[in-house]
Amino acid sequence: MYSELLKAFQSNKNCSFYTDDECDKFIYGKIIALNEDEVAIQMYNTDGTCDGVIVKMVSDFFRIEYDSKYNQKMEKLIETDTFEDSVEIDGNAVFDSAIKSAIIKNFIVSIELLHSGNENITGLPLSLENGICTVRQIDDYGCDDGVTSFVFNTATQITINAKYEKLLSSLMNKWYGKMNNLLFEKIWEDTDLSAESFFSIGLAEYDNLGHYKFVLKFGFQNDDNKKYGCSFPITTETGLL
């Protein structure tokens, strides 16, 4: 199928791509990077909006379709949507450059290992070094679920910033935003403001390198009982930012 995928890539066509022996399911989108072994596709939802990027092995594809009535309908819908997910991929190293782009962009990814047919790892990729990829795992509620490392060449599919991953990113941001707000409120609530000044430190979030980030906050109450405060972020890796 490489020759057919290459034609679609060179023509910049949006196509329906059938993979993994699922005859009734397909990926709709256009190829944005390709070599003889790996392919990356910009996906689109049924309403024509962008749906992230998927990276797969060329050997997984068994059928490609274009210019059908469905494809023509999708082309009209996509005309109204000029945004594409900003995943920068090198055609010479599709899998490697895709995960590195996700690290830089702080995108959540879902990764299939060894053609399992499942998304075995979902989370924020932290690093890819010496053939080992490390991911800060995120659960279905957008919460931290530990760190995992795996041999990167066992990855057979990577989905970047698609609908599910965007949902998790939104949940994660709301969760940590709420945590920060509660932390700030708790500092004021639990502090004896009869004292001239106070300070507090609390866990706020993980930074994009997987380090704990703390927020040091201090404040004071002046003679007219007005409260003042400020905060400084600190990470366990670098100290005061």
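Colleague: How do the residues that line the largest pocket divide into nonpolar, polar and charged?
Modeller: This is a predicted model, in which local features need pLDDT of at least 70 and side-chain atom pairs 80 or more, while totals for chains, interfaces and linings use all residues. Residues are numbered from 1 along each chain as its sequence is written, and side-chain values use heavy atoms, without hydrogens or water. With Asp, Glu, Lys and Arg as charged, Ala, Val, Leu, Ile, Met, Phe, Trp, Tyr, Cys and Pro as nonpolar, and the others, Gly among them, as polar, the lining divides into 12 nonpolar, eight polar and eight charged.

Colleague: What is the volume of that pocket, and which residues are closest to its centre?
Modeller: The pocket (an open set of 1 Å grid points for a 1.4 Å probe, with protein on both sides within 12 Å along at least five of seven lines, and lining atoms within 4 Å of a point) has a volume of about 710 Å³. Of its 28 lining residues, the closest to the centre are F26, I27, M43, I54 and Q157.

Colleague: How many disulfides does the structure hold?
Modeller: C133 is buried at 0% relative accessibility, and C143 is likewise buried, at 17%. Counting cysteine sulfur pairs within 2.5 Å, the number of disulfides is zero.

Methods. Grid points are joined across faces, edges and corners, and a volume is the space filled by probe spheres set on the points. Buried means under 20% relative accessible area, exposed over 50%, partly exposed in between (1.4 Å probe, protein chains only).
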